[in-house]
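Please go through the structure shown here. The report below takes up its strands, cores and helices in turn.

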Amino acid sequence: MLVLAALLCLLCLLALTGSGNAFAGPPGSLDQEADGAAVLRRAVRAGQDVGYEGVQLISSRNGADADSGLIDVVNRPGEGTSFTASGAAPVEGGGLVLRAAPSPLDVDAKLLDLLRTNYRVVRAGTGTVCERRAAIVEARRGDGTVAGRFWLDEATGLLLRRETFDSEGRMAQVSAFVSIDFDPPADALTEGGTEHPWGDTLTSDERAELRGDGWRLPDRLTESVVLVDARATGRGDDRIVHLCYSEGISVVSVFVQRGRLDAADAQVAGMRAEYRDGRAVYVSDGGQHRRVWEDGGFVYTVMADAPTEQVDAVVTALVPADGAAFVTQVGRGFDRLGDWLWAMAP
């Protein structure tokens with residue numbers, strides 16, 4: 001599940017992926033802040049302009065629990081980016097291939113704007129990743145603690161490593177290249193499997209129409225966590241909406257679909273039930289965060305690489321505080337989401 005969730009987050013981020021211990025750094029000077037922002041702007045461009053092939057380690061941590069996976073990534077400027085679970089059996093098309101959209105930097109630019117709005121972005125020295133010299137940039141909260149740390153290749157500008165931390169300084173997630181080649185074989189990016197894996201873009205007008213039909217699709221979950229991408233797949237009762245929210249560092253994926261959730265369904269087996277305003281929310285924190293619940297004839301699934309406190313705030317924002325009882329009936333709705341997600345897995 002971690003690799004699948006990581007693939008979804010990577011697709012949300014497109015190119016904005018990202019050692020050391022968390023620490024509360026000193027306030028950054030104006031020069032440090034200007035340099036940090038400039039380095040990240042260069043990374044946004046590099047994510048689209050630099051060709052490479054590499055393997056990324058994705059690791060999520062929650063207290064003593066951790067979960068990790070490897071993802072093969074290939075980027076061809078003008079062609080697209082492929083993401084495949086490392087070591088997976090070959091499949092026709094070679095995995096998920098994301099073709100460049102007409103405005104491929106929209107999501108990345110928005111994330112950078114959010115990052116600068118919600119944090120102080122400062123240059124914080126240099127380091128190495130994959131034996132390459134990298135500039136280190138930190139995103140610091142108002143109290144000086146580090147929320148995110150980024151290693152960016154000095155030669156190309158590409159983001160090589162990203163770490164996120166909770167408010168107590170505990171590491172929540174790491175994304176890092178463990179190997180990278182900037183001169184890979186020309187045929188590394190396959191031509192197959194190029195349909196957009198998360199469906200068609202939902203415009204603001206389309207989201208408004210769905211809201212009129214009872215769909216809860218907020219543009220903002222908290223003061224800092226806002227919608228950065230919305231897509232849908234399927235039609236009618238089979239429609240699944242995928243929303244990506246971020247505050248600039250972490251990405252939270254929210255899936256919404258019509259249906260009823262059965263507490264005995266295999267998809268929530270092993271997850272513990274927590275009750276919020278009378279509703280059961282099924283929780284899994286085995287490294288990657290996952291939350292599942294039903295409300296008003298809709299099933300909601302949250303998958304996130306964010307710190308626990310941020311995930312809890314997101315769920316609180318999505319679960320209405322009206323004390324209504326939780327209903328468990330036929331689990332066909334969640335089954336459709338499970339089938340769709342696993343169909344995407346390499």
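## A strand pair and its sheet

Val-283 stands opposite Arg-291 in E16. Strands E15 and E16 pair in the antiparallel sense over three bridges; two strands count as paired if DSSP finds at least two bridges between them. Helices (H or I, at least four residues) and strands (E, at least two) are DSSP runs, numbered from the N terminus.

E15 and E16 belong to an open sheet of eight strands, with antiparallel pairing and the order E10-E11-E12-E13-E17-E16-E15-E14. Strand E10 (200-201) and E14 are the edge strands, and each pairs on one side only. Strands of a sheet pair through backbone hydrogen bonds, either parallel or antiparallel.

## Basis of the model

This is a predicted model: local features need pLDDT of at least 70, side-chain atom pairs count only at pLDDT 80 or more, and totals for chains, interfaces and linings use all residues. Residues are numbered from 1 along each chain as its sequence is written, and side-chain values use heavy atoms, with hydrogens and water left out.

The pLDDT is the predictor's confidence in each residue, from 0 to 100. Its mean over the protein chain is 74, and 68% of the residues reach 70 or more. Over residues 1-8 the pLDDT is below 50; this stretch has 31 contacts in the model beyond near neighbours in sequence. Residues 323-346 also have pLDDT below 50, with 74 contacts beyond near neighbours in sequence. Contact means heavy atoms within 4.5 Å. Where pLDDT is low, the predicted coordinates should not be read in detail.

## The chain overall

The protein chain holds six helices and 17 strands. Of its 346 residues, 55% count as buried. Buried means under 20% relative accessible area, exposed over 50%, partly exposed in between (1.4 Å probe, protein chains only).

The chain exposes about 14,400 Å², and carbon and sulfur atoms supply 48% of that area. Accessible areas come from the Shrake-Rupley method with a 1.4 Å probe; for residues, only the protein chains shown count as cover.

## Strand E11 and its partners

Seven of the eight residues of E11 are buried, so the strand is largely enclosed by the rest of the structure. E10 pairs with E11 in the antiparallel sense over two bridges. There, Arg-231 in E11 is the bridge partner of Thr-201.

Arg-231 also stands opposite His-242 in E12. Seven bridges join E11 to E12, and the two run antiparallel. Their hairpin has six residues between the strands, and Gly-234 takes a positive phi near 85°.

## Nonpolar cores

Which residues touch the most other members of the largest nonpolar core? Among its 28 residues, they are Val-241, Leu-243, Tyr-245, Val-252, Val-254 and Trp-293. The elements giving two or more residues to this core are strand E11 (226-233), strand E12 (240-246), strand E13 (251-258), strand E15 (279-284), strand E17 (298-304) and helix H5 (308-318). A nonpolar core is a set of buried Ala, Val, Leu, Ile, Met, Phe, Trp, Tyr and Cys residues joined through side-chain atoms within 4.5 Å.

Leaving aside neighbours within four places in sequence, Val-254 is in contact with Val-241, His-242, Leu-243, Tyr-245, Thr-301, Val-302 and Leu-318. A second, separate core has 16 residues, including Tyr-119, Ala-147, Leu-159 and Ile-249.

## Helix H5

The buried residues of H5 are Gln-310, Val-311, Val-314, Val-315 and Leu-318. Seen down the axis of H5, they fall within an arc of 135°, so they line one face of the helix. The arc is that of the directions from the helix axis to the C-beta atoms. These buried residues pack against E13, strand E14 (272-276), E15, strand E16 (289-295) and E17.

Ala-37 lies in helix H2 (residues 30-49). At 3% relative accessibility, Ala-37 counts as buried. Beyond its neighbours within four places in sequence, Ala-37 is in contact with Arg-116 and Val-121.

Strand E5 (residues 120-129) and strand E6 (residues 132-140) pair in the antiparallel sense over eight bridges. Arg-123 stands opposite Val-137 in E6. The hairpin of E5 and E6 has two residues between the strands, and Cys-130 takes a positive phi near 55°.
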